[in-house]
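Biologist: I would like to learn how to read a protein model, one feature at a time. Where should we start?

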Amino acid sequence: MESPSLYFPYEKNIVINALYDTIEALGLSIDNSNSARGTVVVSDAESTGKMRIALDFCAKSNQTQVKFFSWDSNESFVERWSPVVLDELSGRMKWLHQLKG
């Protein structure tokens, strides 16, 4: 299965801050975070699984890619939560773009 991902036209530090807000808004828990590397490991309240969210800054295109990976071989957790996180994160980034605009 290919990892779900999406590109945002912002630097990594902006996207990771929006990601932290998104995780909190969705009621997910941060189990591990490395903002310097751009990685976050999250789980849900029921501890049904974990996923790693990785941010990769693309210097040539000035974009940050957000990718999702299974942390504990529970692919269904990533399948269930990655579209929800991407949808909420996209909404936050559109709001940011409108403010900047």
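Biologist: What is the mean pLDDT of the protein chain?

Modeller: The mean is 90, and 97% of the residues reach 70 or more. This is a predicted model, in which local features need pLDDT of at least 70 and side-chain atom pairs count only at pLDDT 80 or more, while totals for chains, interfaces and linings use all residues. Residues are numbered from 1 along each chain as its sequence is written, and side-chain values use heavy atoms, with hydrogens and water left out.

**The sheet**

Biologist: In what order do the strands of the sheet stand?

Modeller: The general idea is pairing: two strands pair if DSSP finds at least two bridges between them. In this model, five strands make an open sheet with antiparallel pairing, in the order β1-β5-β4-β3-β2. β1 (5-8) and β2 (29-34) are at the edges with a single partner strand each, so one side of each has no neighbour in the sheet. On average, neighbouring strands are turned by 20° against each other, direction ignored.

Biologist: How many bridges join β2 to β3?

Modeller: Five bridges join these antiparallel strands. One example is Ser29, which stands opposite Ser43 in β3. Ser43 in turn stands opposite Lys50 in β4. Strand β4 (residues 50-58) pairs with β3 over five bridges, in the antiparallel sense, and Val42 faces Met51 of β4. Between β4 and β5 there are eight bridges, also antiparallel; Phe57 has Thr64 in β5 as its bridge partner.

**The turns**

Biologist: Which residue in the turn between β2 and β3 has a positive phi?

Modeller: Gly38 does, at about 80°, in a hairpin with four residues between the strands. The β3 and β4 hairpin has six residues between its strands, and there Ser47 takes a positive phi near 55°. Ser47 has this positive phi although it is not a glycine.

Biologist: Is Ser47 buried or exposed?

Modeller: Relative accessible area sets the word: buried means under 20%, exposed over 50%, and partly exposed in between (1.4 Å probe, protein chains only). Ser47 is exposed, with a value of 60%. Asn62, in the loop between β4 and β5, is partly exposed at 42%. Its hairpin has four residues between the strands, and Asn62 has a positive phi near 55°. By contrast, Thr39 is in strand β3 and is buried, with a relative accessible area of 14%.

Biologist: Which residues does Thr39 touch?

Modeller: Contact means heavy atoms within 4.5 Å. Not counting residues up to four places away in sequence, Thr39 touches Asn32, Ser33, Asn34, Arg52, Ile53 and Ala54.

**The helices**

Biologist: Which strands does helix α1 lie across?

Modeller: Axes are lines fitted to C-alpha atoms, for helices over the stretch in contact, and angles run from 0 to 180 degrees between N-to-C directions. Helix α1 (residues 12-25) lies across β1, β2, β3, β4 and β5 (63-70), and runs at about 155° to β4. α2 also packs on the sheet, where it touches β1, β3, β4 and β5, and its direction makes about 155° with that of β5.

Biologist: How far apart are the end C-alpha atoms of α1?

Modeller: The expected span of a helix is 1.5 Å times one less than its number of residues. For the 14 residues of α1 that should be 20 Å, and the end C-alpha atoms are 20 Å apart, which agrees.

Biologist: Which residues of α1 are buried?

Modeller: They are Val15, Ile16, Ala18, Leu19, Thr22 and Ile23. Down the axis of α1 these buried residues fall within an arc of 165°, so they line one face of the helix. The arc is that of the directions from the helix axis to the C-beta atoms. As a general rule, an α-helix has 3.6 residues a turn, so residues three or four places apart point the same way. The buried residues of α1 pack against β1, β2, β3, β4, β5 and α2.

Biologist: Which residue follows α1, and what is its phi?

Modeller: Gly27 follows α1, with a positive phi near 75°.

Key. pLDDT is the predictor's confidence in each residue, from 0 to 100. Helices (H or I, at least four residues) and strands (E, at least two) are DSSP runs, numbered from the N terminus.
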